[in-house]
Amino acid sequence: MGEGVADGQMNYMRVGDEPFHPKLRSHSSRVPCEVGKKPLFCVAVKRQRRAMDAPRDTSMTESPKHNQSLTYWIAGAIVAAIAVALTAPEFAVHFEIGGELFLRALKMIVVPLVFTSVMCGVLGLGDVRQLGRPGATAVGYYLCTTVLAVVIGLIVVNVIRPGVGTVDPAVLEKFAQGAELPNGQTEAPGMGVVLENLALMLITDNLFAAAADTQLLPIIVFTIAIGALMTTMMDRVRSIATLVTEANDLLLRFVLALMKLAPIGIFCLVTARFGKAHADGRFFEEISQIGWYFAAVIIGLAIHGFIVLPLIYYVVTKKNPYHYMGAMSQALLTAFSTASSSATLPVTLECAESAGVSKRSTEFVIPLGATINMDGTALYEAAAAIFIAQAIGFDLTLSDQLIVAVTATLAAIGAAGIPEAGLVTMLIVLGAVGLPLEYLGLILAVDWLLDRFRTAVNVLGDSIGAAVVGTTIPDAEPTTPT
Ligand code: ASP
């Protein structure tokens, strides 16, 4: 979709309703697509012309009203799920299978969709050299907003001081005896190892293994490289280009169809998880122990999600950020329900395109963001480390807090978009300032719930990033290398 949410007005045209890349359409009027000498964009133009000429399939096009009603259904499903979980937790856990099926269906399309979407993004730019500016803007945006999130986390936790005198010494004693660490890890990796791992995350020695593990970053790197080469090979790869763009449209249609089942899937996911927590019987007791920590993280996430990110959106696009957030609400609710930004990725892509964000931006900014841009996770990691230090009376100097800020940023970049991944990378932050790792147990009990809120903020950061970066991608026609 080319044009944006005009001052919050959502454009509900769907994939396939208009030419794939508006700039390709304009190019087509000027440059003849000669037989036997077809640049890639000519292929796309022809395909788009065919799509425009074809009888319009209205079965999948939805009115704003319908789309909005789906959002209400999803929100209602979450409220109903929590109500069921709180009143009948034993019954609620039986819905787990329904939730798992929905989650699997979402995850099933993540890898192919990342491949087709990023490839379309590169092909749409026409020349990989055009990737430089939006690419740098995207990475710059990610870094700046992640650092902002960390700073907010640090300020909130230093002002509220949730760990000072609030945690029962008996509870601290229990964790001091040693607690099981996530992933069975016994020690925190050093900074050199962290940086090495971040670099290794970029390239895989086995693309299929990466795909099987939903490691998106090497897939994105591979796709950008292949897409870049394709733009230099022109007519020799036009059938691959057509196939990939059509597959991308098809996968997005699949997401649309899947979202019709979202209220049921999300109800099952949420009721089973909340029911499990409630059935354990200790949840309310544990949350009351560290309630101030919980509140501090939620306040920090709210400041970042409702004030900072919307402000950035407004300053850059001059549009109403809350309308845009409304347009993204299905993705945000899905993120809350699945606690996974990777699993939410198909919905995020679909919502951003429906909301009118430049296709050229969404196609590679959102997949990259879902992988490395985690504002909510960064904020939580910084806040949690300081909370633990406060609770055990560990004195953190200003330079220690600076180390927390840097490591929380790196840890968030390295965290996978899966449930509670942030808890694992927290070890990096704790280890960097010498905090005893076993006290991580202190925040374990509420982590699954906080995870949902921070995942929603992660997805919001990606969505706003796509809109912001979208403004920097010129509408100029692609240049095809010779
Ligand atoms: N669950 C988060 C996500 O998928 C990562 C985390 O903070 O644990 O974005």
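This is a predicted model: local features need pLDDT of at least 70, side-chain atom pairs count only at pLDDT 80 or more; totals for chains, interfaces and linings use all residues.

Q: Stepping back, how many helices and strands does the protein have?
A: There are 22 helices and 0 strands.

Q: What does UniProt say about transmembrane regions?
A: The unreviewed UniProt entry places the feature "transmembrane region" at several spans, including residues 70-88 and 402-418. In the model, residues 70-88 are 95% helix and 0% strand, with end C-alpha atoms 26 Å apart. Residues 402-418 are 76% helix and 0% strand, and the end C-alpha atoms of this span lie 27 Å apart.

Q: What is there to know about T407: which helix holds it, and is it buried or exposed?
A: T407 belongs to helix 20, which covers residues 398-414. T407 counts as buried because its relative accessibility is 1%, and buried means under 20%.

Q: What does the side chain of T407 reach, and what does T407 touch?
A: The side chain of T407 reaches the backbone oxygen of I403 at 2.7 Å. Not counting residues up to four places away in sequence, T407 touches M191, I428, V429 and A432.

Q: Now for V114. Where does it lie, and is it buried or exposed?
A: V114 lies in helix 5, residues 96-125. With a relative accessible area of 0%, V114 is buried.

Q: Which residues does V114 touch?
A: Setting aside residues up to four places away in sequence, V114 touches L216, I219, I220, L345 and P367. As for T223, V114 is 109 residues from it in sequence, while their C-alpha atoms are 8.7 Å apart in space.

Q: What share of contacts in the whole protein join residues at least 24 apart?
A: Among contacts between residues at least 6 apart in sequence, 85% join residues at least 24 apart.

Q: Which residues of the largest nonpolar core touch the most other members?
A: That core has 134 residues, and Y293, Y324, F387 and I443 touch the most other members. Helix 22, residues 441-470, supplies the largest share of this core, with 15 residues.

Q: What is Y293 in contact with?
A: Leaving aside neighbours within four places in sequence, Y293 is in contact with P162, Y380, A383, A384, F387, I443, V446 and L450. Another core, of 7 residues, lies apart from the largest one, and L123, M230, A241 and V244 are among its members.

Q: Finally, how much of the protein counts as buried, and what supplies the area it exposes?
A: Of the 482 residues, 56% count as buried. The protein exposes about 19,900 Å², and carbon and sulfur atoms supply 65% of that area.

Key. Residues are numbered from 1 along each chain as its sequence is written. Side-chain values use heavy atoms; hydrogens and water are left out. Helices (H or I, at least four residues) and strands (E, at least two) are DSSP runs, numbered from the N terminus. Buried means under 20% relative accessible area, exposed over 50%, partly exposed in between (1.4 Å probe, protein chains only). Contact means heavy atoms within 4.5 Å. Accessible areas come from the Shrake-Rupley method with a 1.4 Å probe; for residues, only the protein chains shown count as cover. UniProt positions are given in the numbering used here, feature names are shortened, and annotations may be inferred rather than shown by experiment. A nonpolar core is a set of buried Ala, Val, Leu, Ile, Met, Phe, Trp, Tyr and Cys residues joined through side-chain atoms within 4.5 Å. A polar contact is a pair of N or O atoms within 3.5 Å; within protein, one must be able to donate a hydrogen and the other to accept it, and residues adjacent in sequence count only if both atoms are side-chain atoms.
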